[in-house]
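User: Could you take a close look at one part of this model for me, the place where the two chains meet? I'd like the details in one go.

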2 protein chains.
Amino acid sequence: MQDKLREHIEKIILLTDDEYLFVKEHFITKKFKKHQFLIQEGDDVKYSYFIISGLLKLVYTDDSEKQHIVSFAMEDWWESDYYAFFTQTKATMSLECLEDTEVLCFTLEQYKKLCDGSPKMLRFFLEKANFGFLASQRRILSSMTSNPKERYEQLLKQYPSLFQRVPKSLIASYLGVSRETLSRLSS
Amino acid sequence: MQDKLREHIEKIILLTDDEYLFVKEHFITKKFKKHQFLIQEGDDVKYSYFIISGLLKLVYTDDSEKQHIVSFAMEDWWESDYYAFFTQTKATMSLECLEDTEVLCFTLEQYKKLCDGSPKMLRFFLEKANFGFLASQRRILSSMTSNPKERYEQLLKQYPSLFQRVPKSLIASYLGVSRETLSRLSS
């Protein structure tokens with residue numbers, strides 16, 4: 001199982017066995033069942049999660065109780081309410097399992113120790129953060145320039161497996177369209 | 001002038017004089033006049049820019065020639081077409097001066113040398129990248145949950161000076177509303 005983490009890190013930077021041992025020590029393993037919450041709105045956000053297996057949704061609930069899917073997260077992804085995690089404030093989003101899920105996770109304190117103790121991991125996190133920023137910027141651009149049909153097709157192309165694993169109502173929420181509009185787009 | 005860069009970096013991490021000297025060597029200074037382009041769509045993206053003074057717009061032009069403002073950038077900000085910069089591909093956006101502008105900038109090669117030679121700068125860039133990711137995520141969330149009036153008020157609160165320095169038509173383009181809607185919101 002730990003090898004998934006090593007494989008993931010080594011897509012960006014190679015580690016010696018000793019270096020990987022040091023990295024691994026900073027993580028703990030957790031398992032969750034479908035429908036369990038890793039983060040609930042209003043709670044402290046203790047962990048950043050690397051997903052070994054399973055599927056989650058990161059959700060923001062607005063003042064009128066409407067749920068907005070901020071992102072899906074599956075194998076090989078990192079997820080958390082990162083604003084709350086990094087600033088040690090209360091969660092404004094929730095993170096819930098859509099399938100049984102296994103994660104490796106660390107606290108902010110462990111993250112800082114990892115960065116202090118390993119320039120390689122600092123470089124790994126920088127690469128991931130840059131990638132996260134670019135992906136968000138592309139999504140902003142896509143929401144400005146694409147219609148729902150185009151956004152649906154982009155998502156289908158990028159993450160074909162999502163459409164097998166996630167109820168259509170959630171895909172619609174992620175795309176910001178109604179369930180009816182999605183049915184029209186996907187027919 | 002160079003002190004602006006030092007002040008900016010030292011908001012996150014303190015440098016010795018020697019360390020700052022090393023950092024400074026990786027930057028070059030450039031000056032641009034209002035309406036000049038730092039990046040044009042289709043060109044190579046040589047530099048990441050730190051803005052010493054002035055104001056710029058990052059623009060994406062869609063297939064129907066409509067311009068979308070991806071972001072504004074002013075003093076103390078970093079800007080580039082970062083996807084093109086990091087992947088060394090052609091620019092899909094343009095970066096144009098709205099005022100006379102002075103920048104410090106580095107190439108991807110210099111950026112890598114800076115990261116290799118200074119774990120402190122690695123940490124600085126990680127902090128900036130995390131912040132950039134969080135700001136983008138908040139903007140995605142805001143576009144999902146807020147109406148144009150709320151988005152207008154958020155922007156006004158966050159960057160009051162923008163409204164003195166930028167034509168209303170560009171603010172409208174950034175918010176994704178028509179010039180007429182913006183007049184209604186701001187009256």
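Analyst: Here is a walk through the contact between the chains, followed by a few spots away from that theme.

A word on the ground rules: this is a predicted model, in which local features need pLDDT of at least 70 and side-chain atom pairs count only at pLDDT 80 or more, while totals for chains, interfaces and linings use all residues. Residues are numbered from 1 along each chain as its sequence is written, chains are lettered from A and ligands numbered from 1 in the order in which they are written, and side-chain values use heavy atoms, with hydrogens and water left out.

Let's start with the size of the interface. The size of an interface is often given as the accessible area lost when the parts come together. Here the area buried between chain B and chain A is about 3000 Å² (the accessible area, with a 1.4 Å probe, that two parts lose on being put together, summed over both). Carbon and sulfur atoms give 72% of that area. Chain B brings 33 residues to the contact and chain A brings 33 residues, where contact means heavy atoms within 4.5 Å.

Now the specific links. Two salt bridges turn up across the interface of chain B and chain A (a side-chain nitrogen of Lys or Arg within 4 Å of a carboxyl oxygen of Asp or Glu). One of them pairs B:R123 with A:D116, with the closest N and O atoms 3.0 Å apart. There are also four residue pairs in polar contact between chain B and chain A, both residues at pLDDT 80 or more. A polar contact is a pair of N or O atoms within 3.5 Å; within protein, one must be able to donate a hydrogen and the other to accept it, and residues adjacent in sequence count only if both atoms are side-chain atoms.

Which elements of chain B build its side of the contact? At least two residues each come from β4 (55-61), β5 (67-74), α3 (82-87), α4 (108-117), α5 (119-145) and α8 (168-175) of chain B; helices (H or I, at least four residues) and strands (E, at least two) are DSSP runs, numbered from the N terminus. The most comes from α5(B), with 18 residues. Sorted by class, the side of chain B that touches chain A holds 21 nonpolar, seven polar and five charged residues (Ala, Val, Leu, Ile, Met, Phe, Trp, Tyr, Cys and Pro count as nonpolar, Asp, Glu, Lys and Arg as charged, and the others, Gly among them, as polar).

How do the two copies relate?

Six of its eight residues are buried, so α8(B) is largely enclosed by the rest of the structure (buried is under 20% relative accessible area, exposed over 50%, partly exposed in between, with a 1.4 Å probe and protein chains only). Those buried residues are B:L170, B:I171, B:A172, B:S173, B:Y174 and B:L175. After the helix comes B:G176, with a positive phi near 70°.

A:D76, in the loop between β5 (67-74) and β6 (78-79) of chain A, has a positive phi of about 80° although it is not a glycine.
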